[in-house]
Amino acid sequence: MKKRTLLHCALALATAPLAFGAAAQDFPPKKPVTLVVGFAAGGAADAAARLIAKKLGENIGQSVVVDNKGGAGGNIAHQFVANAAPDGTVLLFGSVGPLTIAPHLMKLTYDPFKDLAAISGGVNFPNVLVVHKAAGAKTLAEFVQLSKKKPGSVDFASTGAGSASHLAGELFNQRAGIDMTHVPYKGGAPALQDLLGERITSYFAAPPTALPHIETGRLIPLATTGLTRPAYLPNIPTVAESGFPGFEALNWYAFVAPGKTPVPLLERWNQEIVKVLNDPAVKDALNKHGLTPQPSSRAELTTFMKKESTQWAAIIKERKLTAD
């Protein structure tokens, strides 16, 4: 009798963690799901995140709410998610800056490769260098000439220190031998607002925020930062073909979660996110915004991030850049 009682107790103790683990890894999560975005509402990241979140919520039968936590080039949002509960209810639409650039520019309270867990690639796109109509430049060559004529008088906006738009500008400073002044913002929308108000000269902008104003003529596109011309701006040359061979500075976003999120949950989220990014309607909507879907496995995203981190570390070291 005692042996049977002891056996039952042992079995109960042995299966308790498994039962708890199963409950902790319920999918979809029983609590509301939040998709954190590191930039202000109205920018490229916000537009893409909301489009993807809507379809994701429809597919899993659970509301996925976008939460904008702008500031510090997206680092505030990344730190928030790094410290969030690893229960699958908090995801991050992570970006190139905080994930692979900022760690080489400043001291962070989180490690992107330890405190955040890769889920899937999201979207990528080249930036487009735009100026307001009164800037005095209609081509990239004219813009460089303007910058050299009055060193330090030409400035460029970014979505924050360490962001993709920041490094695109610094890389262009290096390649063109000019000295534009960096002006960081909390997101693409406020940066664009100041550009339209002619309070800053230029901006390496995301296509979704810049295209409407390019079409109305309020902004002048000088060049794009990919190696090839995007389909939505076929008549605008790349920086590479405008006298700076090999110049490339892509912007990208990827899905990550708190670092200690259980692997089964990460894999389930990967399946659902990849499904959404491969959905024809979603792909078409993203393409119309100038965004290219980039679904991937968790391992592929990790490898890609490490490659990007190494590349930007070398550029930051060469340029002797520090956080503004």
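**Strands, helices and enclosed spaces in a predicted model**

In strand β11, P293 is the bridge partner of V123. This pairing belongs to a predicted model. The two strands concerned are β4 and β11 (residues 292-293), which pair in the antiparallel sense over 2 bridges. Strand β4 has a further partner in β10 (residues 250-258). These two strands also run antiparallel, and 9 bridges join them. One of the facing pairs is P126 with L250, the latter in β10.

An α-helix has 3.6 residues a turn, so residues three or four places apart point the same way.

Helix α2 (residues 44-60) holds D46. Is D46 buried or exposed? Its relative accessibility is 6%, so D46 counts as buried, the cut-off being under 20%. The side chain of D46 has polar partners. It reaches the backbone nitrogen of G42 at 3.1 Å. It also joins the side chain of R50 through a polar contact of 2.7 Å. Leaving aside residues up to four places away in sequence, D46 touches V37, A40, A41, V66 and N68.

Beyond residues up to four places away in sequence, T201 touches V130, V131, H132, A135, F143, S153, V154, D155 and L195. G243 lies 42 residues from T201 along the chain, and the C-alpha atoms of the two are separated by 21 Å.

Backbone angles were examined next. Most residues other than glycine have a negative phi. A72 has a positive phi, near 55°, and is not a glycine. A72 lies in the loop between β2 (64-68) and α3 (75-82). With a relative accessible area of 45%, A72 is partly exposed. E198 is another non-glycine residue with a positive phi, in this case near 60°. E198 is found in the loop between α7 (188-196) and β8 (202-205). Its relative accessibility is 45%, so E198 counts as partly exposed. A glycine with a positive phi follows helix α10: the residue is G290, and its phi is near 80°. At the start of α10 (residues 280-288), a side-chain oxygen of D279 reaches to within 3.0 Å of the backbone nitrogen of A281.

The largest pocket holds about 250 Å³ of space. Its lining is made of 13 residues. Which of them lie nearest its centre? They are E248, L250, E308, Q311 and W312. L250 is also the residue that stands opposite P126. Both β10 and α11 (298-319) supply at least two residues of the pocket lining. The largest share, 6 residues, comes from α11.

The largest cavity has about 110 Å³ of space. It is lined by 16 residues, and the closest to its centre are T159, G188, Y203, A206 and Y253. Elements that give two or more residues to this lining are α2, β8 and β10. Strand β8 gives the most, with 3 residues.

Key:
Residues numbered from 1 in each chain as written. Predicted model: local features only at pLDDT ≥ 70, side-chain atom pairs only at ≥ 80, totals over all residues. Heavy atoms only, no water. Helix = DSSP H or I, 4+ residues; strand = E, 2+ residues; numbered from the N terminus. Buried < 20%, exposed > 50% of the residue type's maximum accessible area, 1.4 Å probe, protein only. Pairing = 2+ DSSP bridges. Polar contact = N/O pair within 3.5 Å; in protein donor to acceptor, adjacent residues only side chain to side chain. Contact = heavy atoms within 4.5 Å. 1 Å grid on protein atoms, 1.4 Å probe; cavity = no way out; pocket = protein on both sides within 12 Å on 5 of 7 lines; lining within 4 Å. Points joined across faces, edges and corners; volume = space filled by probe spheres on them.
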